[in-house]
There are 2 protein chains.
Amino acid sequence: MERADAARNRARILDAAADLFAAKGAPNVTMDDIAKAAGVGRGTLYRRYPDRASIAVALLDEHERVLQEKLLRGEPPLGPGAAPAERLAAFYAAMVDLLEAHAHLVLGAETGRSRFETGAYGFWRAHVRSLLVAASVPAPDALVDVLLAPLAPEVYSYQRTGKGLSSAGITAALRRLAEGVLG
Amino acid sequence: MERADAARNRARILDAAADLFAAKGAPNVTMDDIAKAAGVGRGTLYRRYPDRASIAVALLDEHERVLQEKLLRGEPPLGPGAAPAERLAAFYAAMVDLLEAHAHLVLGAETGRSRFETGAYGFWRAHVRSLLVAASVPAPDALVDVLLAPLAPEVYSYQRTGKGLSSAGITAALRRLAEGVLG
DNA sequence: CTAGAAGTGGACACGATGTCCACTTCTAGG
DNA sequence: CCTAGAAGTGGACATCGTGTCCACTTCTAG
């Protein structure tokens, strides 16, 4: 069980980190910043969160769980019941919303290699793989990561910020992808 | 024009960097390592290459140029003449070969955000975009980056190393993608 | 041969990381 | 209520990589 002061400090850390990430962008926030803003020592911070990514993951956790729940037990087309291509398109749309809402967090958490090591990626992977299997696509394993690649935060942020594309335009492109491969 | 000693040092730096990248993996090589191995001072190194990525780009440059040439003026299906879907599949296959041959370099050079800022990405982007236009795909702009996303070094290396997929399997998945979207 | 431009190298200051440990604060059990 | 010791805390410290700066050396054009 968790001690009372420990719980209080965890809440402080998460709050402070959320503010800082939003204010300065995750990559520009140091562990020291977070510790100071939370009114906590370095040691305390490192005890629970060995790096920035793990904090961002913790902050993201709740939002991702909501989507995961919808995928498993929600209404179609996100949940079970619709055709695989339709479900994939709906999943893409939901992920775009998530990226749009939490861009700064996601950019801090799931950038580069570490993206694949989060539990969330494993979940998305299993979901999309099951859609491929349902659509009788041969050799789904390699295709799964290919279909998830456009959801990498760097890609999305490049499209939005670097290229000035709208989230609706990106969603439409992803729908086309879903229908092309599964439809 | 370039002074003789400068040219000699540039060659030394590139040689040393290639060896180190191959031996230890690009991310584990420090600027200092390279300077020492090249028998050159820090200042000299930084004068030309402000960071690891720029060295890797220089090393990659030649290989990428060969492929670019083939895309512009080579035989079909890589070069002009074949159907867009076929050309895209051929491009994917060539990129997989390139990733396979120079994985360690590419991982050092074009990782994360910086991938989009290299000249090479601009070239691939223009090429794929022209294929989309040739196939009369509506709103190609958002789709371009989506189709290039699976070629991110992190994705490829995750598939190969993390998931144990074969390069042939990945190529097949990408062919399916090309045919689904353009075919 | 020489003047000055171009190039060199390593010392330096800085900033971030992660560890370590003496101290403080909790809480379970008597 | 009190106390023992486990759990948690905080900040000093050592380490490492980065990028800059500048006195010195080497090249080359005239």
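In which loop of chain B is B:Pro77 found? Select B:Pro77 and you land between α4 (52–73) and α5 (84–101) of chain B. Keep in mind as you look around that this is a predicted model.

While you're there, show the backbone from B:Pro76 to B:Pro77: that peptide bond is cis, with omega near 5 degrees. Now hop over to chain A. The bond from A:Pro76 to A:Pro77 is cis with omega near 5 degrees, and A:Pro77 sits in the loop between α4 (52–73) and α5 (84–101) of chain A.

**Next stop: the alanines**

Pick A:Ala139, in the loop between α7 (119–134) and α8 (140–148) of chain A. Its phi is near 50 degrees, a positive value in a residue other than glycine. Is A:Ala139 buried or exposed? Exposed is the call, because it has 12 C-beta neighbours inside 10 Å and 12 or fewer is the cut-off for that class. Then try B:Ala139, in the loop between α7 (119–134) and α8 (140–148) of chain B. Phi of B:Ala139 is near 50 degrees, and with 12 C-beta neighbours inside 10 Å this residue counts as exposed.

**Next stop: the two chains together**

Show chains A and B. A rotation of 180 degrees, with 0.0 Å of shift along its axis, superposes chain B on chain A at an RMSD of 0.0 Å. That's the relation of a two-fold axis. To get your eye on the axis, select B:Gly180: of the residues of chain B, its C-alpha comes closest, at 2.1 Å. As for the interface, 100% of the interface residues of chain B are also interface residues in chain A, so the copies meet through the same surface.

**Next stop: the domains of chain A**

Five residues of domain 1 are in contact with four residues of domain 2. On the domain 1 side, the touching residues are four nonpolar, one polar and no charged.

**Last stop: the DNA**

Select DNA strand C and the 22 residues around it; A:Ala4, A:Gly43, B:Asn9, B:Gly41 and B:Gly43 come nearest. Elements giving two or more residues to this surface are α1 (4–24), α2 (31–38) and α3 (42–48) of chain A, plus α1 (4–24) and α3 (42–48) of chain B. Which element gives the most? That's α3(B), with four residues. Colour the surface near DNA strand C by class and you'll get six nonpolar, six polar and 10 charged residues.

Definitions and conventions:
Residues numbered from 1 in each chain as written. Chains lettered and ligands numbered in written order. Predicted model: local features only at pLDDT ≥ 70, side-chain atom pairs only at ≥ 80, totals over all residues. Near = placed C-beta within 6 Å. Nonpolar A, V, L, I, M, F, W, Y, C, P; charged D, E, K, R; others polar. Contact = placed C-beta atoms within 7 Å. Least-squares fit on C-alpha atoms with pLDDT ≥ 70 in both. Buried ≥ 20, exposed ≤ 12 C-beta atoms within 10 Å, placed from the backbone.
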